[in-house]
Amino acid sequence: MEQRLYQFQRHLPEWLHLESLIRLGQRHLRVYDVDTIQMGDITLPLRVLEMGSRSPGAPVVGFFGGVHGVERIGSQVLLSWLHSLIHRLQWDDQLHRRLERVRLVFMPMINPGGIWRRTRSNPNGVDLMRNAPVDAEGKVPFLAGGQRLSRHLPWYRGRAGEPMETEAQALVNTVRQRLMNAPVSISLDCHSGFGRRDRIWCCYARSQKPIAHLAEVYRLKQILEHTYPYHHPYLIEPQSVNYTTHGDLWDYLYDEAREQHPDRLFLPFTLEMGSWLWVRKNPRQLLDFFGLFNPIIGHRHNRVLRQHLPLFEFLVAMAVNAGNWLPRGEARENLTRQAMKHWFG
């Protein structure tokens, strides 16, 4: 037992934090182990947590992190949010009432083996965000767009025709079972490492064509900017504005939701925390590969853990009040035109 605790404290302290939160919030949480990953003699469950409404008609907001093991700040931000919610449930009647109207789903460590090994890929050398059976339209950046040359090179997609990796399939199944069946669902996948701005990306990564719900994304952008004019630091845009890739899991899930549940709304987003800003403020991080993706200095790390909580609250409020802002008819057509001009003009 002591040896196991030492191994987790050394390689995966986030797991110990999650276990402590589960114990503290056990009255409010529903916990599911959807699969397992083996790291030597240690078994790492792929864990999903739920809180809030059990009604099949309730909107759902899913929070995901740790797809890339080296970007562990994504998992840590979600644990910070979960910590806040569990502690508020001990005294906040308003939060209890809010959770009667919405279901929250958490999968904070999709790739625990990668976090353990401090690698972008999973223990099999596969980049999970290049692992879906989706090919990009047109050219993609060499290697970075996803490659099948070798697992010893970054951004490896896995062999063509093989099933998705265990972790990727666990994510896909979780979204299918716990988000897609809802009338309205929103997901946020937390990453780091691109640029000096915090970005919120929507689909597509595989194509520069606009998604079918471009108007809804643009309306959400407008409301966020109007609601938090002096706070929000986010650049909201389709990922393809920056680059395209093969194998994006959220493209795969969005297209599936459109095909199988055309009467429901599923909006997947990616939070891409701009780690270049942390490096610019502390150039010594360039000497540490881990420092390219995570804030190292204590006060900056704490700031990142708290600064995205208003965004999480906002997405929950948007899901609960979807009927008050989702565009219809001519208003939706106008928003689509505005979005096309803004992002693709």
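R206 lies over the face of Y204, 4.2 Å from the ring centre. A charge counts as over a ring if NZ of Lys or CZ of Arg is within 6 Å of the ring centre and within 35 degrees of the ring normal. R178 lies over the face of Y32, at 4.2 Å from the ring centre.

This is a predicted model, in which local features need pLDDT of at least 70 and side-chain atom pairs count only at pLDDT 80 or more, while totals for chains, interfaces and linings use all residues. Residues are numbered from 1 along each chain as its sequence is written, and side-chain values use heavy atoms, leaving out hydrogens and water.

Now the ring pairs. The structure holds 14 aromatic pairs (Phe, Tyr and Trp rings, the last by its six-membered ring, with centres within 6.5 Å; planes under 30 degrees apart are stacked, over 60 edge-to-face, the rest tilted). The rings of W81 and F312 have centres 5.7 Å apart and planes at 55 degrees, so this pair is tilted. W81 lies in helix α3 (residues 73-88) and F312 in helix α11 (residues 309-320), so the pair ties together parts 231 residues apart in sequence. Helices are DSSP runs of H or I with at least four residues, strands runs of E with at least two, numbered from the N terminus. W81 is buried, at 2% relative accessible area (buried is under 20%, exposed over 50%, partly exposed in between, with a 1.4 Å probe and protein chains only). F312 is buried too, at 0%. Ring pairs link F63, W81, F106 and F312 into a cluster.
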